[in-house]
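Here are a few notes to go with the model you asked about. Keep the viewer open as you read, and take the points one at a time.

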Amino acid sequence: MADTEKTTQEPTIEESLKELDSIVEKLESRDISLEDSFVLYQQGMELLRKCSGKIDTVEKKMLKISEDGELSEF
Amino acid sequence: MNSVYSVGQVNNYIKTMFQQDFLLNRISIKGEVSNCKYHTSGHIYFSLKDETGALSCVMFAGQRKGLAFSMKNGDRVVASGSVSVYERDGKYQLYAREITLEGAGLLYERYLALKKELEDMGMFAAEYKRPIPRYARTVGVVTAPTGAAVQDIRNVAGRRNPYVQLILYPALVQGEGAKESIVKGIETLDRYGVDVIIVGRGGGSIEDLWAFNEEEVARAIFNCRTPVISAVGHETDTTIADYAADLRAPTPSAAAELAVADIRLLFESLRGYREKLERTMENQLYMVRQNLKYYQTKLNYLSPENKIRESRTRLMDAEDRIQSAMKNQIFLARQNLNVYIERMKGLSPLSKLNQGFSYVEDKNQKAVTSISQVKKGDTLNIQVTDGTIKALAAEVSGRNWESERS
């Protein structure tokens, strides 16, 4: 059976990448305080960790679905 | 004796005969259109004729969907339906369900008509297009379980991201029942819940691809809550399904590329973000350190210790300068003195005494220059080069040097 659990609260990888973009942009600005830098850096690293965790690295076999939603190997 | 029947009975009898006839119930007849009348009720009355004769035809308003072009006299058409009896006139006629232009381009006419109809309904409008998720985890596929399309999709998807779950709905993609099967597939996968659905098949003739030009399929795609990528035939084939889909892929392989993000690129971009985060953080730290260094230098410069050291240096410096100035002054004074000594030497009375002159002073050591200073009997000191002679004034007499000389 495939993992069909929808992650509703957790941001998608796409959203996480967007957030990373804005974090990097803020980090690159010149008038950021060192304290804020540390906070942003930590947030960014945490997001990266979550993203990596979200990519499940189990190879999948193609499945077949019947009219009534039953799955079987194709 | 033969029985006698009413007109109604005969007409009814004949009608029953027609209806029981297998061929007449499902027949396609080709011919040229004549006497074509579009009735206000929506029914169309016309005749089909050829060299040998004519046949009355009617297409009821309810069947108008079977006519995808505007029929006119002289058109060569194929009309399909059933031949039956119109009892009121005792006439048989064709009840047409579908009329198509005979020959090439006829499916194309239907295609254009449906395309226009659905377009007018807004089914292709951009505002209904759902975005395709960039990182789909499960991808539904509606296509034939045999054939190249499913293999292409499997290969491309597997190469780009083997961790994506593909779920195939094995569908009939051409012939009888194809559109129902495709619709069922879309609905099943939509209900099951996947991130994106690919609907398509490999290339073929316009007839082979026809199921993807059916309104039912277009509607199923339109109503599907999951984003749909269409992938029908080759690049040059554009079907109604392509217009209704959220994204059109030119081929099934291309659809797989659009549906499945390349995992290596994702990993790479994650790595890129990590590096960027680290680099910017390092930059921040570097800048702060530079600032720190700057203030440190500044503070060092301003520290009391430094002030004292600096004052001491200045003091020593001043001392040096004073001393050298002093030395200089002394040297100059000595120099002057020497000059005076030399000059004084020339003026010294001693040198005069050497030449036979002497210096006379009274008892108060005052130089005697006039007789008025001396009385008879006064003691006088006569200074000569090697000592002093004490003398008593024996006499004082005046003398005028000036008048003597003249």
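Is the crossing of α1(A) and α2(A) left-handed or right-handed? Keep that in mind for point 1, and remember throughout that this is a predicted model.

1. Start with the helix pair inside chain A. The crossing of α1(A) and α2(A) is left-handed. Helix α2 of chain A covers residues 34–54, and its axis lies 10 Å from that of α1(A), at an angle of about 160°. Angles over 145 degrees count as roughly antiparallel, so α1(A) and α2(A) are roughly antiparallel to each other.

2. Now look at who touches whom in that pair. From α1(A), the residues in contact include Ile13(A), Leu20(A), Ile23(A) and Leu27(A). On the α2(A) side you'll find, among them, Leu40(A), Leu47(A), Leu48(A) and Cys51(A). By class, this contact has nine nonpolar, four polar and three charged residues.

3. Next, α1(A) also packs against a helix of chain B.

4. The contact between the chains has its own residue list. Leu17(A), Asp21(A), Val24(A) and Glu28(A) are among those that α1(A) brings. From α9(B) come residues including Leu266(B), Tyr273(B), Lys276(B), Leu277(B) and Met281(B). Sorted by class, there are 11 nonpolar, three polar and three charged residues in the contact of α1(A) with α9(B).

5. Then try a pair within chain B. Helices α5 (residues 178–192) and α6 (residues 215–223) of chain B have axes that come within 9 Å and cross at roughly 10°. Angles under 35 degrees count as roughly parallel, so α5(B) and α6(B) are roughly parallel to each other. The contact of α5(B) with α6(B) has six nonpolar, one polar and three charged residues.

6. Finally, zoom out to chain B as a whole. Chain B has 12 helices and 13 strands. Its C-alpha atoms fill a box of roughly 230 × 55 × 30 Å. The radius of gyration is 67 Å, whereas a compact globule of 406 residues would be near 22 Å.

7. One last thing to check is the domains. The assignment for chain B gives domain 1 (7–103), domain 2 (125–261), domain 3 (265–302) and domain 4 (351–401). Pick out domain 2 and domain 4 of chain B: their centres are 152 Å apart.

How values were computed: Residues are numbered from 1 along each chain as its sequence is written. Chains are lettered from A and ligands numbered from 1 in the order in which they are written. This is a predicted model: local features need pLDDT of at least 70, side-chain atom pairs count only at pLDDT 80 or more; totals for chains, interfaces and linings use all residues. Side-chain values use heavy atoms; hydrogens and water are left out. Domain bounds come from an automatic or database domain assignment. Contact means heavy atoms within 4.5 Å. Helices (H or I, at least four residues) and strands (E, at least two) are DSSP runs, numbered from the N terminus. Ala, Val, Leu, Ile, Met, Phe, Trp, Tyr, Cys and Pro count as nonpolar, Asp, Glu, Lys and Arg as charged, and the others, Gly among them, as polar. The radius of gyration is taken over C-alpha atoms; the globule rule is 2.2 Å times the number of residues to the power 0.38. Axes are lines fitted to C-alpha atoms, for helices over the stretch in contact, and angles run from 0 to 180 degrees between N-to-C directions. Angles under 35 degrees count as roughly parallel, over 145 as roughly antiparallel, 65 to 115 as roughly perpendicular and the rest as oblique. A crossing is left-handed if the near helix is turned anticlockwise from the far one by less than a right angle, and right-handed if clockwise.
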